[in-house]
Amino acid sequence: MHEMGIASEIVRIAVESIPEEMAGSKVARVHLKVGKLAAVVSESLRFCFEIVAQKTPAEGAQLEIQEMAVVARCNGNLLDLSAPVPDGCAELTPVYADS
């Protein structure tokens, strides 16, 4: 379950992002964008996040996960790669866009 490692890093980054002048503050919310091909199970990540965040300033924080579409450009057209790639598309150029 690689979600546990991802959750550990999210908590570490969130806690280390608290400015020194705000020492003692808690993390209320974490916004995360995850690509559909990242092989991350959102519910597993939330579960792991809750466990890893215990007894840290991130305990009780809400983890908001936005799933990102996998988009590429082919012959000048944008394609959602969750569907089959059409014939005649010899070269795909990755593009990042919200789903």
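In helix α2, the residues Leu45, Cys48, Phe49 and Ala53 are buried, where buried means under 20% relative accessible area, exposed over 50% and partly exposed in between, for a 1.4 Å probe and protein chains only. Seen down the axis of α2, these buried residues fall within an arc of 125°, so they line one face of the helix. That arc is taken from the directions from the helix axis to the C-beta atoms. On the other side of α2, Glu43 and Glu50 are exposed.

Before going on, a word about the model. It is a predicted one, in which local features need pLDDT of at least 70 and side-chain atom pairs count only at pLDDT 80 or more, while totals for chains, interfaces and linings use all residues. Residues are numbered from 1 along each chain as its sequence is written, and side-chain values use heavy atoms, leaving out hydrogens and water.

**The two helices**

The protein chain has two helices and four strands, and along the sequence they follow the pattern α-β-α-β-β-β. Helices (H or I, at least four residues) and strands (E, at least two) are DSSP runs, numbered from the N terminus. Here are the helices side by side; the expected span is 1.5 Å times one less than the number of residues.

| Helix | Residues | First to last C-alpha | Expected span |
|---|---|---|---|
| α1 | 14 residues | 20 Å | 20 Å |
| α2 | twelve residues | 16 Å | 16 Å |

In α1, the buried residues are Glu3, Ala7, Ile10, Val11 and Ala14. They cover an arc of only 95° around the axis, which puts them on the same side of α1. Their cover includes β1 and α2, while the buried residues of α2 pack against α1, β1 and β2. Just after α2, Lys55 takes a positive phi of about 60°.

Leaving out residues up to four places away in sequence, Phe49 touches Ala7, Ile10, Val11, Val30, Ala58, Ala61 and Leu63, with contact meaning heavy atoms within 4.5 Å. Phe49 and Glu59 are ten residues apart in sequence, and their C-alpha atoms lie 8.9 Å apart. With sequence neighbours up to four places away again left out, Val27 touches Ala14, Ile18, Pro57, Ala58 and Ala61.

**The whole chain**

Stepping back, the C-alpha trace of the protein chain spans about 55 × 30 × 15 Å along its principal axes. Its radius of gyration is 18 Å, whereas a compact globule of 99 residues would have one near 13 Å; the value is taken over C-alpha atoms, and the globule rule is 2.2 Å times the number of residues to the power 0.38. Of the 99 residues, 24% count as buried. Among contacts with a separation of 6 or more, 61% come from residues 24 or more positions apart.
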